[in-house]
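Please work through the following exercises with the sequence and the model at hand. Each task is followed by a solution in steps.

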Amino acid sequence: MTAKLNARGDVAVLVPAAGAGLRLGPGGPKALRLLAGEPLLVHAIRRLAAAPSVRVIIVAAPAPETEAVRELLAPIAPVTVVAGGRERQESVARALAAVPPDVDIVLVHDAARALTPPQLIESVAAAVRSGHPAVIPVLPVVDTIKEVHPAAAPAPAGVAAPPAAEMPSPGRVEVVAGTVDRAVLRSVQTPQGFRRDVLVAAHAGADGLVTDDAGLVEKAGAAVVCVPGSELALKITRPFDLVLAEALLHVPWAP
Ligand SMILES: Nc1ccn([C@@H]2O[C@H](COP(=O)(O)OP(=O)(O)OP(=O)(O)O)[C@@H](O)[C@H]2O)c(=O)n1
Ligand SMILES: C[C@](O)(CO)[C@H](O)COP(=O)(O)O
């Protein structure tokens with residue numbers, strides 16, 4: 001049965017879903033990969049549609065799959081589907097352009113965070129509604145975090161280390177440059193919530209790529225406020241995450 005969105009809701013949710021899912025391995029666009037027999041995007045949309053604040057959902061689909069995604073989601077909830085871009089930021093910008101003029105609160109939510117509970121969507125929306133122009137859900141960092149640089153080209157004292165690859169690889173030795181104080185670090189999730197004018201201005205003024213929308217708002221100089229995130233809002237990125245997500249579907253407290 002198609003879920004109805006709340007016509008009295010005051011929130012539009014943009015769902016970037018156009019990524020390739022390279023880190024998940026071969027198998028097609030990540031948002032269309034199956035979790036317990038259904039595409040990740042279906043899991044994500046179902047949970048968004050269950051949040052009472054949500055009036056509009058706009059999905060940025062992999063461009064060649066736009067029509068297929070429209071058909072896939074039609075029985076789940078009323079959604080607008082646009083073609084995504086080459087980068088996440090472009091996908092968000094395209095979805096943002098399709099927000100109806102009378103909606104003042106916009107959330108941006110990764111399809112890859114497919115198990116995000118409706119309560120988290122509500123708590124981010126409530127924080128924006130209460131007056132914060134930009135809101136992100138966060139979790140504490142639980143590991144000790146080291147800054148590293150490649151052993152072959154150590155950064156001299158006082159000079160910024162060269163950019164490190166995302167992971168050390170065989171034959172590439174890294175050396176620790178220092179330990180970061182994790183008490184001031186947070187792991188950032190979606191949905192990220194914004195006053196619409198703030199998000200529109202941040203995207204319009206973007207002068208490079210950042211990895212989340214709050215990053216654009218920070219660059220524009222606006223305050224970004226944190227609310228508690230949820231372990232269930234994990235981003236399904238690598239094969240291990242898919243196994244974890246499958247297990248989470250069976251825990252009694254998961255939505
Ligand atoms: N050009 C892109 C790239 C990413 N995304 C979306 O942004 C979210 C977060 O991206 P990530 O989880 O990193 O997904 P991928 O880019 O697909 O992953 P990978 O980097 O492994 O290819 C995902 O819902 C993804 O579909 C998007 O809409 N358009
Ligand atoms: C937006 C995001 O989910 C915040 O954690 C994340 O940055 C998106 O993932 P990506 O791999 O950086 O595109």
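**Exercise 1.** Determine how many bridges join strand 7 to strand 10, and in which direction the two run.

*Solution.* Step 1: strands are DSSP runs of E of at least two residues, helices are runs of H or I of at least four residues, and both are numbered from the N terminus. Two strands pair if DSSP finds at least two bridges between them. Step 2: strand 10 covers residues 186-188 and is joined to strand 7 by three bridges, the two running antiparallel. Step 3: within this pairing, L139 has S187 of strand 10 as its bridge partner.

The model is predicted: local features need pLDDT of at least 70 and side-chain atom pairs count only at pLDDT 80 or more, while totals for chains, interfaces and linings use all residues. Residues are numbered from 1 along each chain as its sequence is written, and chains are lettered from A and ligands numbered from 1 in the order in which they are written.

**Exercise 2.** Identify the other strands named as partners of strand 7, strand 11 and strand 12, by direction.

*Solution.* Step 1: strand 7 (residues 134-140) runs antiparallel to strand 11 (residues 192-195), with two bridges between them. V135 stands opposite G193 there. Step 2: strand 12 (residues 225-228) runs parallel to strand 7, and four bridges join them. I136 has C226 as its bridge partner in strand 12.

**Exercise 3.** Describe the residues around ligand 2 by class.

*Solution.* Step 1: a residue counts as near if its C-beta atom, placed from the backbone, lies within 6 Å of the molecule. Step 2: the residues around ligand 2 are R88, D110, V188, Q189, T190, T211, D212 and K235. Step 3: by class, Asp, Glu, Lys and Arg are charged, Ala, Val, Leu, Ile, Met, Phe, Trp, Tyr, Cys and Pro nonpolar, and the others, Gly among them, polar. The shell of ligand 2 therefore has one nonpolar, three polar and four charged residues.
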